[in-house]
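Visitor: I would like to go through this structure with you. Could we begin with the ligand and then turn to the sheets?

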Amino acid sequence: MLVLRDLTAGYGATTVLRKVNLIVPPGSVVALLGPNGAGKTTLLRAASGLLTPKSGSVLIDGHDVTGADPDRLMRRGVCHIPEGRGVFRSLTVRENLVTFSRPGEEEKAISSAVEAFPRLGERINQVAGTMSGGEQQMLALARAYVQKPRFVLLDEVSMGLAPKIVDEVFEFLALLANRGAALLLVEQYVARALDVADYVYLLNKGEVAFAGEPDELDADALAEQYVGSA
Ligand code: ATP
């Protein structure tokens with residue numbers, strides 16, 4: 001289980017998250033919602049070790065990993081798919097997949113990624129930066145597949161994609177969840193996120209405004225949070 005306890009984080013003198021408590025149980029899908037600037041990306045960065053919290057802790061299965069670097073958290077099973085894709089644009093699809101794989105499992109990783117996304121197979125020797133946005137996003141998501149993570153943190157992975165590709169992305173997220181990965185999902189398509197989520201957290205101005213199951217979330221209150229903070 002991935003736990004954020006009383007997490008306070010920010011940049012320099014600016015505090016963005018204030019005493020946030022959040023739990024990602026094994027195998028669950030957790031949606032993290034909130035208006036622009038609420039601190040969603042900052043929370044994912046703190047949870048994956050890209051940002052050291054000011055106070056509070058990050059725990060994996062009860063082990064305190066606060067301040068651990070991203071590589072160590074990756075070895076503990078945390079995979080962060082950042083906003084804006086996070087692929088190596090100058091490397092080919094194959095080279096990207098090799099970089100994402102566990103040592104010794106490269107060929108297996110490539111075949112499983114191609115199975116999940118046949119289009120990556122057709123473009124295996126293409127330089128990633130020359131692929132379409134949707135194809136690059138599939139490559140970024142393939143990383144969440146080949147690393148066999150226990151916790152996948154996804155930051156707006158459907159941003160800017162055509163509706164058909166968004167469908168494919170959500171199908172893939174269901175596949176990841178079926179394989180047993182827990183997902184922490186920041187998503188602009190709120191209805192879709194609520195549809196797949198077991199739990200939802202609503203973040204507003206760096207604080208948790210709601211935590212519970214999707215059907216407990218009052219749609220009017222949700223809309224108000226978004227509009228009220230815009
Ligand atoms: P969005 O939905 O717009 O992506 P968000 O909920 O993900 O927003 P964050 O990206 O976490 O919000 O940003 C929270 C606050 O932290 C914002 O006010 C933002 O300007 C600030 N912030 C983010 N990154 C930095 C940084 N590197 N340095 C300083 N301030 C930052």
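**The ligand site and the strands**

Guide: In this predicted model, an N or O atom in the side chain of Thr42 lies 2.5 Å from an oxygen atom of the ligand.

Visitor: How much of the ligand does the protein bury?

Guide: The protein buries 57% of the 640 Å² that the ligand exposes when taken alone.

Visitor: Where does α1 lie relative to the strands?

Guide: Helix α1 lies across β3, β6, β7 (151-155), β8 and β9 (199-204). Its direction is at about 150° to β7.

Visitor: Which other helix packs on the sheet?

Guide: Helix α7, residues 163-178, packs there and touches β3, β7 and β8. The angle between the directions of α7 and β8 is about 150°.

Visitor: Let us turn to the sheet itself. What is the strand order?

Guide: The order is β6-β7-β8-β3-β9-β10, an open sheet of six strands with mixed pairing. At the edges are β6 (78-81) and β10 (207-212), each of which pairs on one side only. On average, neighbouring strands of this sheet are turned by 15° against each other, direction ignored.

Visitor: Do β3 and β8 run parallel or antiparallel?

Guide: Strand β3 (residues 29-33) and strand β8 (residues 182-186) run parallel and are joined by four bridges. Val30 has Leu184 in β8 as its bridge partner.

Visitor: Changing topic, what does β1 pair with?

Guide: Strand β1 (residues 2-11) pairs with strand β4 (residues 55-60) in the antiparallel sense, over five bridges. Leu2 stands opposite Ile60 in β4.

Visitor: What stands opposite Ile60 in β5?

Guide: His63 does. Strand β5 (residues 63-64) runs antiparallel to β4, and two bridges join them.

Visitor: How many residues are between β4 and β5?

Guide: There are two residues between these strands, which form a hairpin. In the turn, Asp61 has a positive phi of about 50°.

Conventions. Residues numbered from 1 in each chain as written. Predicted model: local features only at pLDDT ≥ 70, side-chain atom pairs only at ≥ 80, totals over all residues. Heavy atoms only, no water. Polar contact = N/O pair within 3.5 Å; in protein donor to acceptor, adjacent residues only side chain to side chain. Areas by Shrake-Rupley, 256 points an atom, 1.4 Å probe, with all protein chains shown as cover. Pairing = 2+ DSSP bridges. Axes fitted to C-alpha atoms, helices over the stretch in contact; angles between N-to-C directions. Contact = heavy atoms within 4.5 Å.
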